[in-house]
Amino acid sequence: MCENEKESRSFEEQIARLEQIVSQLERGDVKLADSLALFEEGTRLAASCNTMLDQAEQMVVKLRKGPDGEPEELPFEGELL
């Protein structure tokens with residue numbers, strides 16, 4: 001899979017792949033070189049998921065109560081992956 005395809009995966013797809021990697025590594029039947037490659041992929045996926053969660057949190061934080069007590073959506077400076 002090319003790098004652009006990895007970047008276009010949804011959060012849910014990335015979590016599912018991360019769970020597959022953890023399962024493979026926990027079984028302990030993967031060769032050392034393959035384990036290292038899986039670990040690196042898992043680290044990248046975890047970082048990507050963390051970034052997506054941070055961005056989602058920022059979007060939620062932008063929703064604040066307005067002067068009349070009603071929720072008021074403020075503009076978000078950024079783009080969700």
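Helix 2 and helix 3 (residues 32–61) pack with their axes 9 Å apart, at an angle of about 150°. Axes are lines fitted to C-alpha atoms, for helices over the stretch in contact, and angles run from 0 to 180 degrees between N-to-C directions. Helices are DSSP runs (H or I, at least four residues), numbered from the N terminus. The two helices are therefore roughly antiparallel to each other, a label for angles over 145 degrees. The crossing of helix 2 and helix 3 is left-handed, meaning that the near helix is turned anticlockwise from the far one by less than a right angle.

This is a predicted model: local features need pLDDT of at least 70, side-chain atom pairs count only at pLDDT 80 or more, and totals for chains, interfaces and linings use all residues. Residues are numbered from 1 along each chain as its sequence is written, and side-chain values use heavy atoms, with hydrogens and water left out.

Confidence is given as pLDDT, from 0 to 100 for each residue. The chain has a mean of 84, and 80% of its residues reach 70 or more.

| Helix | Residues | Mean pLDDT |
|---|---|---|
| Helix 1, lowest | residues 3–7 | 52 |
| Helix 2, highest | residues 11–27 | 97 |

Contact means heavy atoms within 4.5 Å. On the helix 2 side, the contacting residues include F11, I15, L18 and L25; among their counterparts in helix 3 are L38, F39, L45 and M52.

R17 forms a salt bridge with E41, with the closest N and O atoms 2.9 Å apart. The rule asks for a side-chain nitrogen of Lys or Arg within 4 Å of a carboxyl oxygen of Asp or Glu. This pair links distant parts of the chain, 24 residues apart: R17 lies in helix 2, E41 in helix 3.

Definitions and conventions:
pLDDT is the predictor's confidence in each residue, from 0 to 100. Angles under 35 degrees count as roughly parallel, over 145 as roughly antiparallel, 65 to 115 as roughly perpendicular and the rest as oblique.
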